[in-house]
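These are my notebook entries on a single protein model.

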Amino acid sequence: MNTAAAPLLLAGLTLGGADRTLAATHLVPMEFATINAALDASAFGDTVLVAPGTYTDSDVRLDGFSTRSCAFMRDGVVLRSESGPEVTTIDMQGLGASQAATVWCVHLPSTATAVEGFTITGAPVNQRGTFIGDVGRVTYRDCIFRDLDAGNSTGGGLAGNGNVDVIDCEFVNCFANSGGGLIHSGGHLNLIRSTFENCGNSGAYLLGVSGGEGESALVEDCLFLDNWSNAGGPGLTIYRYDQGAIVRRCRFEGNHASAYAGGALSFTGYGPKLIEDCLFLNNSIDGGTGRGGALVVQDNGTCEIRGNTFFGNHQTYQSGGGSAVFIYAPGVLFERNVVVQSTGVPAFHVQAGSSVSTSCNIFWDNPEGIGIPLSATDREIDPLFCDLENHDFTVRENSPCVEPGSLGCGQIGAFGIGCGITSIEQSSWGRIKGFHRNGERR
């Protein structure tokens, strides 16, 4: 009931579909008491528009098994809140069936189905906030997935099989056996401008099924903050996207793994890999098998790591190095990165049988050493950050990270000149962190 008064390329980000000239808008609760009732009355191209409130009604239907959901999505229908997720919640209140999800997206062949502007919560333990399968493409935009526990299952917030867009969403305090916030496989994923905070056993787990047509991922402008894992990258794990995966302009901060590989990001499998313009800040890994305080790259397939900033990452395990980066793969390119204050073991480790080509990198103040020989264009020199106390990693005008000090390498690291010049990226990340810690939302 309603308790309130009445992307690699960005593929498929626009909502396609049939002619919408005859589309209808169905109002909840003004015209329909429940979300499911409005969805049932909808046809392709329609919108279900939901007023502020908390919606707890759920139905049990047969979809192979007995299935419970508050919102059984219809193909080509947009489910949208009037006023955003801060005041509009879909809460299943822990009610279950043999399978359940607060929002159910199955058998939706078009690319036009979307869910926009809700807080999604209340799935029973071992189930999910959203389940997506057998779809052309489903888009989630401006949604908050909060306090969801998939237990021994996967994808506490969102489990998606197929082509999925997740844009401007937040995953907070979600848990699962893997992919506490999100798990994806079997298609293309666009994960854009989204936040994962305090999620367990990886904020996002992208699990390729190997050889799937179009199986790829773009992760761009995302924040991974204070996530944790008992096995693998606590912020983000990407495994075997044969068509490739890109991680670009993301911030990994305060993530912690207690075993295996990758204190923030674990990137494995046989497809091409690109990590660029990211910040890895104060991530860590410990335990008897923990390697790679910030980043681990494993397996075959081309891999480029370029233009990133690594600061204050830590590895406890003493066998080998890698307090910032651990490489167990051939043919990795590591260029134009800044690696500073990596502690516990040497900053960089290349496992036997692997190979890395380095150029135009800056290393500084890594107390256990760098761990690899420097190339002719690598240097050990102070990058001259603007304000470390406030985590401002823009650099001074005379920094070796920018021309002419970068000696023909172009910009080195994720951030350009700051120190009195307003930095859009730094300001944005500061706002995100501040809103989270104050219990607000951007």
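The entries below record what I looked up, in order.

**Entry 1: the cores.** I noted that the model is predicted. I then looked up the largest nonpolar core, which has 78 residues. Among those with the most contacts inside it are Leu-79, Tyr-140, Phe-145 and Phe-252. Strand β9, residues 99-108, gives the most to this core, with four residues. I also found a second, separate core of 16 residues, which includes Phe-311, Val-395, Ile-412 and Phe-415. In soluble globular proteins, nonpolar side chains tend to be buried together.

**Entry 2: the surroundings of Phe-145.** I set aside the neighbours within four places in sequence. The remaining contacts of Phe-145 include Ile-120, Tyr-140, Leu-158, Cys-169 and Phe-171.

**Entry 3: the disulfides.** How many disulfides does a search of the whole structure find? I recorded two. In one, the sulfur atoms of Cys-360 and Cys-409 are 2.1 Å apart. The torsion about this S-S bond is about -70°, so the disulfide is left-handed. Cys-360 lies in the loop between β41 and β42 and Cys-409 in the loop between β45 and α2, so the pair ties together parts 49 residues apart in sequence. I found Cys-360 buried, at 13% relative accessible area, and Cys-409 buried, at 15%.

Another disulfide joins Cys-386 to Cys-419, with an S to S distance of 1.8 Å. This link is also left-handed, with -110° about the S-S bond. Cys-386 belongs to strand β44 and Cys-419 to the loop between β45 and α2, so the pair ties together parts that are 33 residues apart in sequence. Cys-386 is buried, at 19%, whereas Cys-419 is partly exposed, at 41%. With the bonded cysteines numbered in sequence order, I wrote the pairing as 1-3, 2-4.

Entry 4: Cys-169 counts as buried, at 0% relative accessibility. Cys-250 is likewise in no disulfide, and the nearest cysteine sulfur, that of Cys-222, is 4.7 Å away.

**Entry 5: the backbone.** I recorded a cis peptide bond from Val-28 to Pro-29, with omega near 5°. Pro-29 is in the loop between β1 and α1. Glu-403 and Pro-404 are also joined by a cis peptide bond. Asp-168 is partly exposed, with a relative accessible area of 22%.

Notes:
Residues numbered from 1 in each chain as written. Predicted model: local features only at pLDDT ≥ 70, side-chain atom pairs only at ≥ 80, totals over all residues. Heavy atoms only, no water. Core = buried A, V, L, I, M, F, W, Y, C linked by side-chain atoms within 4.5 Å. Buried < 20%, exposed > 50% of the residue type's maximum accessible area, 1.4 Å probe, protein only. Helix = DSSP H or I, 4+ residues; strand = E, 2+ residues; numbered from the N terminus. Contact = heavy atoms within 4.5 Å. Disulfide = S-S within 2.5 Å.
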